[in-house]
Amino acid sequence: MRKIFTSILIFFLSTNTFSEQLSNQDVDITSGSTLSNDSGLTIQQLTGGPYTIENAGTIEASNITSNSSTIRLEVDTTVTNSGLIDTAGSKNLNSILFIVNSGSNSLTNSGTIQTETSGNYGQAIHVQDATLTEIYNASNSTIKVTDSALNSGAIRVNTGGEINTITNDGTINNNENGYFDNKGTFDNNNIITTKQHYSRVRE
């Protein structure tokens, strides 16, 4: 009996999967580790800061029914992703939501940030009433939305939001009925795809 228990314990520790929500703290997810909360809001930065989120593993929310995010940021936060940030569910989803946030935010992606939804309004990165100094998408990296029905965007900026600079050396992909939308400086060195004619940088 002790041998079986020990084997189970070793297996659990080796997978490094944590099902919880983290709030108002620096976050560092190492390679091979997973931070997961099915219903969303896996990470919330709501007060205090500035904070850093460094992800070399996986941060995910896999079963959001409506109107939530994997990461919600309302205060000054620097996000560095070299792993996977993944959101899946039915509709109104964001992998990373910057909202009501007057901080000096930035995002560097050298991995994958993706939202998967069969419904409307899926965003990989959503900026609303917030400002980002920069989004940098590195070579061989991806920001994408897949399987969305309508009104979705890999990067969506609306209602008082602004990204000062977007630099894309990788791939930004609106797989279904999406748009890329921003009014700041845009430097594209690689691939942006969309199935709608209104993929654009907004003046």
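Residues 194-203 have a pLDDT that stays under 50, yet the model gives them 30 contacts beyond four places in sequence. Here pLDDT is the predictor's confidence in each residue, from 0 to 100, and a contact means heavy atoms within 4.5 Å. Residues 1-14 also stay under 50, and for them the model has one contact beyond four places in sequence. Over the chain, the mean pLDDT is 81, and 74% of the residues reach 70 or more.

A word on how to read the rest: this is a predicted model, in which local features need pLDDT of at least 70 and side-chain atom pairs count only at pLDDT 80 or more, while totals for chains, interfaces and linings use all residues. Residues are numbered from 1 along each chain as its sequence is written, and side-chain values use heavy atoms, with hydrogens and water left out.

**The chain as a whole**

The chain has one helix and 19 strands. These elements are DSSP runs numbered from the N terminus, with helices (H or I) of at least four residues and strands (E) of at least two. Of the 203 residues, 45% are buried. Buried means under 20% relative accessible area, exposed means over 50%, and partly exposed lies in between (1.4 Å probe, protein chains only). Among contacts with a separation of 6 or more, 66% join residues 24 or more positions apart.

Let us start with β11, residues 93-109. Because 13 of its 17 residues are buried, β11 is largely enclosed by the rest of the structure. Several strands pair with β11, and two strands count as paired if DSSP finds at least two bridges between them.

| Strands | Bridges | Bridge partners |
|---|---|---|
| β6 and β9 | five | N55 and N81 |
| β9 and β11 | four | V79 and L107 |
| β8 and β11 | five | L73 and F98 |
| β11 and β13 | twelve | N109 and N137 |

**The largest pocket**

The largest pocket holds about 200 Å³ of space. A pocket is found on a 1 Å grid over the protein atoms alone: it is an open set of points where a 1.4 Å probe fits, with protein on both sides within 12 Å along at least five of seven lines, and its lining residues have an atom within 4 Å of a point. Grid points are joined across faces, edges and corners, and the volume is the space filled by probe spheres set on the points.

The lining has 15 residues, and N67, S68, N92, N94 and L97 lie nearest the centre of the pocket. Strands β8 (68-73), β11 and β13 (122-137) each give two or more residues to this lining. The largest share, four residues, comes from β11. By type, the lining divides into five nonpolar, eight polar and two charged residues. In this grouping, Ala, Val, Leu, Ile, Met, Phe, Trp, Tyr, Cys and Pro are nonpolar, Asp, Glu, Lys and Arg are charged, and the others, Gly among them, are polar.

**T42, E60 and their surroundings**

T42 lies in the loop between β4 (34-36) and β5 (43-45). T42 counts as buried because its relative accessibility is 0%. Beyond its neighbours within four places in sequence, T42 is in contact with residues including E20, L22, I59, E60 and S69.

E60 belongs to strand β7 (residues 58-64). With a relative accessible area of 22%, E60 is partly exposed. Not counting residues up to four places away in sequence, E60 touches T34, L35, S36, N37, T42, T70 and D86. The C-alpha atoms of E60 and I85 are 5.8 Å apart, although 25 residues separate them along the chain.

**Backbone details**

L41 is also found in the loop between β4 and β5. L41 has a positive phi of about 55 degrees although it is not a glycine, and it is partly exposed at 23% relative accessible area. Y121, in the loop between β12 (112-117) and β13, likewise is not a glycine but has a positive phi of about 55 degrees. Its relative accessible area is 33%, so Y121 is partly exposed. Finally, P50 sits in the loop between β5 and β6, and the peptide bond from G49 to P50 is cis, with omega near 5 degrees.
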